[in-house]
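Colleague: I would like to go through this model with you, one question at a time. Please define the terms as they come up.

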Amino acid sequence: MAQQAKSCYLKSNDKALVTVYLPHQKPVIIGRCPETNITDTQCSRQQVQLCADYQEYKVFIQQLGKRPCGFNGFKTRKDVKFIGNHEDCLEILYGKHTYQIEFNPPPPKTFLPEKRPRDTNSEQKGTSINLDEHSSWESKDSGALLMYTTQGVEGRSKIAAYDMDGTLITTRSGLVFPKDYDDWQLIYPEVSGKLKKLHGSGYKIVIFTNQGSLGSGKLSAKLFKNKIKHVAQRIGVPMQIFIATGSSIYRKPAIGMWQKLVEVETDTKNFLLKNNDSVSIDEDSSFYVGDAAGRPKNWAPKKKKDHSLADRLLALNLGLKFYTPEEHFLGHKEAPYVLPTFNPKNLPTVDISIGANVTSSIQEIVLMVGCPASGKSHFVKNHLKHYGYVNRDTLRSWQKCISVMEEHLAEKKSVVVDNTNPDPSSRKRYIEVAKKHGVPVRCFVMTTTFEHAKHNNKFRELTDPSHVKITEVIINSFLKNYQPPSLDEGFTEIVQINFVATFENDEHRRFYEMYLLEH
């Protein structure tokens, strides 16, 4: 008698969620209910129907609610049934309430999902070769970067680099996002032949792809790796694939994946270019192709606006020639595109407005105004370090800020209030204390744009592991509440302050002058 499961459960690492038992061949409907302990009102009471088959080691999944579930990182649809296997991931509501399918005992190998068959579509016909026999996977920085190197890869001076989704492959279903791991095909019939020709003329084929859903756990690493293997096999040339799984230095447009490609390691005997053997890269002959190119709506008839600028910005950061898939594979003319208004290379070099003094010879209060990551603390540290320091992030409340401020004033010290102070009401409390003590108040306003502040925040996040990340929600909240200060509030002077960065080393300076935001 063939082996079959004795039980099947939905289990979760979230202790707030209740384990759900799935009997053999009996449909179970779950959602916002006591059986799951889900109370999320966005989740329907009858969100999803599940039916386990103990003999086949499968769970049949059908969305019932208005909002999609998540299956192995993909959104479900009401009109599409999904088949779940042992250890597959099911989100009762897409992005939320994550469970994993567990059969007991686990299925034998004969029940594991079959490998994706070779494409047979007429437009995809071509020779596929098995590159997987001697291929290898590597994980770097606790999984922040995954690297897949196929059989036959060798270091070369010329690099032909590509994005993956929307550049080399697209969905078979026609959906914007794939409905499962098999929902892909080469984007153009020319892809395989073009890459083979480049490889034959001395180029190394490299893929750089952002896959943040891997880092968040929405995608199954096991199934995604299997997909990558099939993509490489279908294209049919030796290649190296770099996969950024989160928002680290490896995520485009940051250059971490390229740096790993050209990484230099010191050997006891000589220097090695680790991931390109011992071959130095000729950047003038290399290029990068991607669909996240900043093209506006209707860049071609009925074409949508590009979802991002990340690919074009990566090429700009690296100084590589850049092409869109249409230009590279189909020979189209260059399409129009729009770069960000903020260019990190074009920044102020003087940090205080002409004619103003940073410090005063008499006791005073300086009230800083600026959004998070605008450089207030950096300026204070470099120019007002002898002033008594008041900061709400460390003191936790404005009442405590007032108390510490008065202590400094009683000691006849000047004081700098290093808070965001976005509106008159937040500034008034400090101005009133100054009036009570007969001390003048100047306002120092950071001129840093919001895009510049977001750039500062991203730079700190990528270069300083100890830095507490500031979300864009917090920066946008300041923008929503901001009211420019005026002399009518009681200030003796309003001084405009530019943020001028200083760096620990030249490497940080070069990195700061690159595009870091995806846009």
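Modeller: Strands (E, at least two residues) and helices (H or I, at least four residues) are DSSP runs, numbered from the N terminus. Two strands pair if DSSP finds at least two bridges between them. This is a predicted model, where local features need pLDDT of at least 70, side-chain atom pairs count only at pLDDT 80 or more, and totals for chains, interfaces and linings use all residues. Residues are numbered from 1 along each chain as its sequence is written, and side-chain values use heavy atoms, with hydrogens and water left out.

Colleague: Which strands stand at the edges of the open sheet of seven strands?

Modeller: The order in this sheet is β11-β12-β17-β16-β13-β20-β21, and the pairing is mixed. An edge strand has a single partner, so one side of it is left without a neighbour in the sheet. The edge strands are β11 (136–140) and β21 (321–323).

Colleague: In which sense do β16 and β17 pair, parallel or antiparallel?

Modeller: Strands of a sheet pair through backbone hydrogen bonds, in either sense. Isoleucine 205 has methionine 239 in β17 as its bridge partner. Over six bridges, β16 (residues 203–210) and β17 (residues 239–244) pair in a sense that is parallel.

Colleague: What angle does helix α1 make with β16?

Modeller: Axes are lines fitted to C-alpha atoms, for helices over the stretch in contact (heavy atoms within 4.5 Å). Angles run from 0 to 180 degrees between N-to-C directions. Helix α1 (residues 190–200) packs on the sheet and touches β13, β16 and β20. Its direction and that of β16 make an angle of about 130°.

Colleague: Is alanine 373 buried or exposed?

Modeller: Alanine 373 is in the loop between β22 and α7, and its phi is positive, near 70°. Buried means under 20% relative accessible area, exposed over 50%, and partly exposed in between (1.4 Å probe, protein chains only). Because its relative accessibility is 8%, alanine 373 counts as buried.

Colleague: What is the relative accessibility of lysine 412?

Modeller: Lysine 412 is in the loop between α9 (398–410) and β24 (415–417). Its phi is positive, about 65°, although it is not a glycine. Lysine 412 counts as exposed, with a relative accessibility of 66%.
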